[in-house]
Amino acid sequence: MKELTARLAKECETGDSFDIEKFANLIIKECIDSIETYRIPVGNSAAGEIACDMTYRALTDIRDDIYEKFS
């Protein structure tokens with residue numbers, strides 16, 4: 001985590017200033033990417049499929065909420 005934060009911060013350095021808005025946007029993008037690439041395990045039963053669907057819907061709601069708040 002510290003490596004990622006440092007890498008993102010370095011991308012936001014411009015001479016002797018720091019672009020805080022760019023830094024925030026990069027963090028948001030990393031969060032969205034984590035949500036969108038999360039692998040949901042599926043069981044071999046109807047209950048497993050229902051749990052998968054519920055998890056997918058929850059992750060989609062979280063992603064959309066982040067977009068709404070920060071875009």
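Me: What share of the 71 residues in the chain is buried?
Reply: The share is 18%. The model is a predicted one.

Me: Why is C12 called buried?
Reply: Buried means under 20% relative accessible area. C12 has a relative accessible area of 0%, so C12 counts as buried.

Me: Where does C12 lie?
Reply: C12 sits in a loop.

Me: How far apart are C12 and T60 in space?
Reply: They are 28 Å apart, C-alpha to C-alpha. In sequence, 48 residues separate C12 and T60.

Me: What makes up the chain, in helices and strands?
Reply: The chain has 3 helices and 2 strands. Their order from the N terminus is α-β-β-α-α.

Me: How does the radius of gyration of the chain compare with that of a compact globule of 71 residues?
Reply: The chain has 17 Å. A compact globule of that length would have a value near 11 Å. The box filled by the C-alpha atoms is roughly 55 × 25 × 10 Å along the principal axes.

Me: How many positive and negative side chains does the chain have?
Reply: There are 9 positive and 15 negative side chains. The centres of the two sets lie 4 Å apart.

Notes: Residues numbered from 1 in each chain as written. Predicted model: local features only at pLDDT ≥ 70, side-chain atom pairs only at ≥ 80, totals over all residues. Heavy atoms only, no water. Helix = DSSP H or I, 4+ residues; strand = E, 2+ residues; numbered from the N terminus. Rg over C-alpha atoms; globule rule 2.2 N^0.38 Å. Buried < 20%, exposed > 50% of the residue type's maximum accessible area, 1.4 Å probe, protein only. Lys, Arg positive; Asp, Glu negative; His and termini not counted. Charge placed at Lys NZ, Arg CZ, Asp CG, Glu CD.
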